[in-house]
Amino acid sequence: MQLSPFGFVIQSGQLAVREALSKFLEQLGPLNLDVEETGTVELVLAEVLNNIVEHAYPQPDQSGPISVDCAHQADGLIVNIKDQGRAMPDGQMPIGQLTSLDVEMDDLPEGGFGWFLIQHLAKDVTYDRVGNENHLRMRLAIGFF
């Protein structure tokens, strides 16, 4: 079954990620994804959206729109996410390397796993700054038809 394209816009803030995940998964309902596929979607989108809320719109009084669009193709879901927040450092997407965990407990990193997970679970991940917008595009290899 092929899913019709869909999209929505949410406002960044405390409940933005939860709201976006709920809307996205609701739209994917007709695909009858299994638990693993649903988990992949949730994890990747949660990491991307949390990064936008925390880093692109870091101040509570500087919230802004986050646009999420999805198209279902034979090789999976094409997801485009746009925001008008701060650009990524140096205009580049983080490399997404796994940080060494072979350190003392007190020296373990608090974060830094998000981009590794995104780039490991999603395919064809690209980032561009277009005018005053961040554009992130990725393919989630699920829902094949």
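Which residues does His-72 touch, not counting residues up to four places away in sequence? Hold that one for a moment.

Ground rules first. This is a predicted model, where local features need pLDDT of at least 70, side-chain atom pairs count only at pLDDT 80 or more, and totals for chains, interfaces and linings use all residues. Numbering runs from 1 along each chain as its sequence is written, and side-chain values use heavy atoms, with hydrogens and water left out.

Back to the histidine. His-72 touches Met-1, Gln-2, Leu-3, Leu-31, Leu-77, Gly-143 and Phe-145. Contact here means heavy atoms within 4.5 Å. His-72 sits in strand β2. Its relative accessible area is 4%, so His-72 is buried. The cut-offs: buried is under 20% relative accessible area, exposed is over 50%, partly exposed is in between, with a 1.4 Å probe and protein chains only. Now the polar atoms of the His-72 side chain. One lies 2.8 Å from the backbone nitrogen of Leu-3. The backbone oxygen of Gly-143 lies 2.3 Å from a polar atom of that side chain.

Next, the overall layout. The protein has three helices and five strands. Along the sequence the pattern reads β-α-α-β-β-α-β-β. Helices (H or I, at least four residues) and strands (E, at least two) are DSSP runs, numbered from the N terminus. There are 145 residues, and 37% of them count as buried. Take the contacts with a separation of 6 or more: 63% of them come from residues 24 or more positions apart.

Now the helix pair. How do α1 and α2 cross? The axes of α1 (residues 16-28) and α2 (residues 35-56) come within 9 Å and cross at roughly 145°. Axes are lines fitted to C-alpha atoms, for helices over the stretch in contact, and angles run from 0 to 180 degrees between N-to-C directions. On the α1 side, the contact includes Phe-24, Leu-25 and Leu-28; on the α2 side, it includes Leu-45, Leu-49 and Val-53. By class, this contact has twelve nonpolar, two polar and one charged residues. Ala, Val, Leu, Ile, Met, Phe, Trp, Tyr, Cys and Pro count as nonpolar, Asp, Glu, Lys and Arg as charged, and the others, Gly among them, as polar.

On to the core. In soluble globular proteins, nonpolar side chains tend to be buried together. In this model the largest nonpolar core has 38 residues. Such a core is a set of buried Ala, Val, Leu, Ile, Met, Phe, Trp, Tyr and Cys residues joined through side-chain atoms within 4.5 Å. Among those with the most contacts inside it are Phe-24, Leu-49 and Met-138. The largest share, nine residues, comes from α2. Leaving aside neighbours within four places in sequence, Met-138 is in contact with residues including Val-44, Val-48, Ile-81 and Val-125.

Also in α2 is Glu-47. Its relative accessible area is 22%, so Glu-47 is partly exposed. Glu-47 and Trp-115 are 68 residues apart in sequence, yet 7.6 Å apart in space, C-alpha to C-alpha. Beyond four places in sequence, Glu-47 is in contact with Gly-114, Leu-117 and Ile-118.

Last item: backbone angles. Asn-32 lies in the loop between α1 and α2. Its phi is near 50°, positive in a residue other than glycine. Asn-32 counts as exposed because its relative accessibility is 66%. Asp-124 is in strand β4 (residues 123-130). Asp-124 also is not a glycine, and its phi is positive, about 50°. At 51% relative accessibility, Asp-124 counts as exposed.

Definitions and conventions:
Polar contact = N/O pair within 3.5 Å; in protein donor to acceptor, adjacent residues only side chain to side chain.
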